[in-house]
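Open the structure in your viewer and keep the selection tool at hand. The tour stops at a sheet and then at a single side chain.

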Amino acid sequence: QVQLVESGGGLVQAGGSLRLSCAASRSIFSINAMGWYRQAPGKQRELVAAITGGSRTNYADSVKGRFTISSDNAKNTVYLQMNSLKPEDTAVYYCNAIVLTVHDEEHYWGQGTQVTVSS
């Protein structure tokens, strides 16, 4: 089991920055991958950024060059630094953790944090 607690969302003007945090209830060394997803009203949840092995990252094309995902293993926390925010970045952002077992792929989700970018 992994509990994930997100923080850092809020209201920001276009062009501004926010940093989201996701604290895991256990060592992220024991978690195969962590990522951030977002879901805007009326849209499907989409992957924003992911990190595996503590250093390998991938990003949605829409956020490349603006968002950075990173991890602090000592704090069991993953961050999403969001710069040059656009109104289309407005969504609920969810932290995700994937744990691979012998027989299964377990997904865990945080409660979500609202990010609103005003124009």
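A polar contact is a pair of N or O atoms within 3.5 Å; within protein, one must be able to donate a hydrogen and the other to accept it, and residues adjacent in sequence count only if both atoms are side-chain atoms. This is a predicted model, in which local features need pLDDT of at least 70 and side-chain atom pairs count only at pLDDT 80 or more, while totals for chains, interfaces and linings use all residues. Residues are numbered from 1 along each chain as its sequence is written, and side-chain values use heavy atoms, with hydrogens and water left out.

Select Arg38, which is found in strand β4 (residues 33-39). Strands are DSSP runs of E, at least two residues long, numbered from the N terminus. Is Arg38 buried or exposed? Arg38 counts as buried because its relative accessibility is 6%; buried means under 20% relative accessible area, exposed over 50%, partly exposed in between (1.4 Å probe, protein chains only).

Now show Asp89 and Tyr93. The side chain of Arg38 makes a polar contact of 2.9 Å with that of Asp89, and a polar contact of 2.9 Å with the side chain of Tyr93.

Next, select the open sheet of four strands, in the order β1-β3-β8-β7, with antiparallel pairing (strands pair if DSSP finds at least two bridges between them). β1 (4-7) and β7 (67-72) stand at the edges with a single partner strand each, so one side of each has no neighbour in the sheet.

Finally, zoom in on β1 and strand β3 (residues 18-24), which run antiparallel and are joined by four bridges. Pick Val5: its bridge partner in β3 is Ala23.
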